[in-house]
Amino acid sequence: MHVTYDAPPTCSRFMQSNAFGRLIAGPVGSGKTTACLFEVFRRACEQAPAPDRLRYTRYAIVRQTLKQLKDTVAKDVSQWLSRVAHYKVSDSTFYVTAGDVRSEWILIPLDDPEDQRRLLSMQLTGAWMSEAIEMDIGLMAPLSGRIGRYPNAKLGGCTWSGIIADTNMPAEGTDWHKFFIEPPQDWQIFRQPSGLSDEAENLQWLTQTTETLKLPEDDPARLAQGREYYLRYVRMYSENSDWVKRYVKAEFGDDPSGSAVFRESFKKSFHVVDEIPEPVFGHPLLVGQDFGRDPCSIICQLDHKGRLLVLEEVMAEDVGLEQHVERALRPRLIQPRYLGKPIVVIGDPAGRSKDSIYDETRFAALKRLGFSAYPAPTNDPDPRLRAVEAFLLAQRDGGAAIVIDKSRCPNTVRALDGGYRYGKTKAGQRKPKPDKNKHSHIMDALQYVCLVAHGRGWSEMVARHLAHKPKTRTVITARAWT
């Protein structure tokens, strides 16, 4: 049997990788399934022979339902490998026999609990997760434990073992979205270009006619015929629909529970650095403070370039403000990197209300604890969000106007990167204010700082206050009496 397969560029990079886990994501029709099929076949052919000179491998091909497996993967295997892959219905298995290759490809649906138990008790060379985002991401860890167990040492051991996966793009806020953003150490993510872009892959094979197939693969007329496949979806759903974003443009879709507040302005690769070595000498620290039973602080600084450096976050859970300051915030601020720098705390304006038990405002408490503390100019969410957006969208000397320390501000990065969200009403409309969730506290603290740092009047007032020296009290002696 002779089969010629030319992998599209992203598929080629995907196949050349030797990472334990590899996931390829892209538009519908972009050749992902075929690439995975040939990757499994290639690895089976490259398996080192056992003592009997045969190459033994066993792969699980996993999808949510058996019907999906039969309608997609099984049909592709039968089409491409018809002479060497023989399907046994009773075993739900393709037995691939080509020369000295002896490979089992077992179809495992996940809608049947018995099949799930069967999968997690197998001895496998590898696994292929077809349309991965349809599955529970919790399957990944136990499945990983079944990989690399066949062939055993007596049969020569595995030449290669691992998990491959293909999928369309997930919705924001889902577990798979988080997997894409921060993949495990042993995994690589490969993203194909949009089906509407000049770099779109596999166009030369989509919706071709007998006439266009006679043209060279890079002929403009043949590529235009293939692009019509995606343009039909655009006409059907509209270009800005969530479906087109995910399945044609290969972008993350809107989270069904809402949308990220800073989705258009925050760019992790641009705004986040691994570490900000040292704060700038001679410039005050601006500490954003959110109150409540889960108080949190964010230590920032405006540097000599006008950049807002987000240096460190200080989180707390279920404690009062005074305990948070004494146990968490103050110990951070007396680190060598912060010593000698003036500090001003900018807090939630609601903190001007007196505590019902101690008859003391939160700002009074902060001042009693030794901090210069002021309420933010407003608690209106619109100007607060605009202040953050102003820094995210601006540049300083060609770089970001707000720079965030990844190692010291992980919760801030996660919040900006989609965790801080607008919810939806029951009617499906976006709510006017961001939801209160585990990410909103640190975002509130950052907003208070941005309000002050972005508003010149406030920042100048803070500078004047820090430079002001209190007058000494006049000493009255008895000699002044008559």
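The following legends describe an overall view and several close-up views of a predicted model.

**Figure 1. Overall view of the predicted protein.** The protein contains 16 helices and 20 strands. Along the principal axes, its C-alpha atoms fill a box of roughly 120 × 55 × 45 Å. The radius of gyration is 30 Å, whereas a compact globule of 482 residues would have a value near 23 Å. Of the 482 residues, 48% count as buried. The accessible surface of the protein amounts to about 24200 Å², and carbon and sulfur atoms contribute 51% of this area.

**Figure 2. Crossing of helices α13 and α15.** Helix α13 spans residues 381-393 and helix α15 spans residues 440-454. Their axes come within 8 Å and cross at roughly 75°. Helix α13 is therefore roughly perpendicular to α15, since angles of 65 to 115 degrees are classed in this way.

**Figure 3. Residues in the contact of α13 with α15.** Helix α13 contributes Pro383, Arg384, Leu385, Ala387, Val388, Ala390 and Phe391. These residues meet Asp444, Leu446, Gln447, Tyr448, Cys450, Leu451, Ala453 and His454 of helix α15. By class, the contact comprises 11 nonpolar, two polar and two charged residues.

**Figure 4. The cis peptide bond between tyrosine 150 and proline 151.** The bond leading from tyrosine 150 to proline 151 has omega near 0° and is cis. Most peptide bonds, by contrast, are trans. Proline 151 is situated in the loop between α6 (140-144) and β7 (162-167).

**Figure 5. Serine 92 in the loop between β3 and β4.** The loop containing serine 92 runs between β3 (85-88) and β4 (93-98). Phi of serine 92 is near 50°, a positive value in a residue other than glycine. Most residues other than glycine have a negative phi. With a relative accessible area of 16%, serine 92 is buried, because the cut-off for this class is under 20%.

**Figure 6. Alanine 250 in the loop between α9 and β9.** Alanine 250 is found between α9 (242-247) and β9 (258-260). Phi of alanine 250 is near 60°, a positive value in a residue that is not glycine. The relative accessibility of alanine 250 is 4%, and this residue therefore counts as buried.

Key: Residues are numbered from 1 along each chain as its sequence is written. This is a predicted model: local features need pLDDT of at least 70, side-chain atom pairs count only at pLDDT 80 or more; totals for chains, interfaces and linings use all residues. Side-chain values use heavy atoms; hydrogens and water are left out. Axes are lines fitted to C-alpha atoms, for helices over the stretch in contact, and angles run from 0 to 180 degrees between N-to-C directions. Helices (H or I, at least four residues) and strands (E, at least two) are DSSP runs, numbered from the N terminus. Angles under 35 degrees count as roughly parallel, over 145 as roughly antiparallel, 65 to 115 as roughly perpendicular and the rest as oblique. Contact means heavy atoms within 4.5 Å. Ala, Val, Leu, Ile, Met, Phe, Trp, Tyr, Cys and Pro count as nonpolar, Asp, Glu, Lys and Arg as charged, and the others, Gly among them, as polar. The radius of gyration is taken over C-alpha atoms; the globule rule is 2.2 Å times the number of residues to the power 0.38. Buried means under 20% relative accessible area, exposed over 50%, partly exposed in between (1.4 Å probe, protein chains only). Accessible areas come from the Shrake-Rupley method with a 1.4 Å probe; for residues, only the protein chains shown count as cover.
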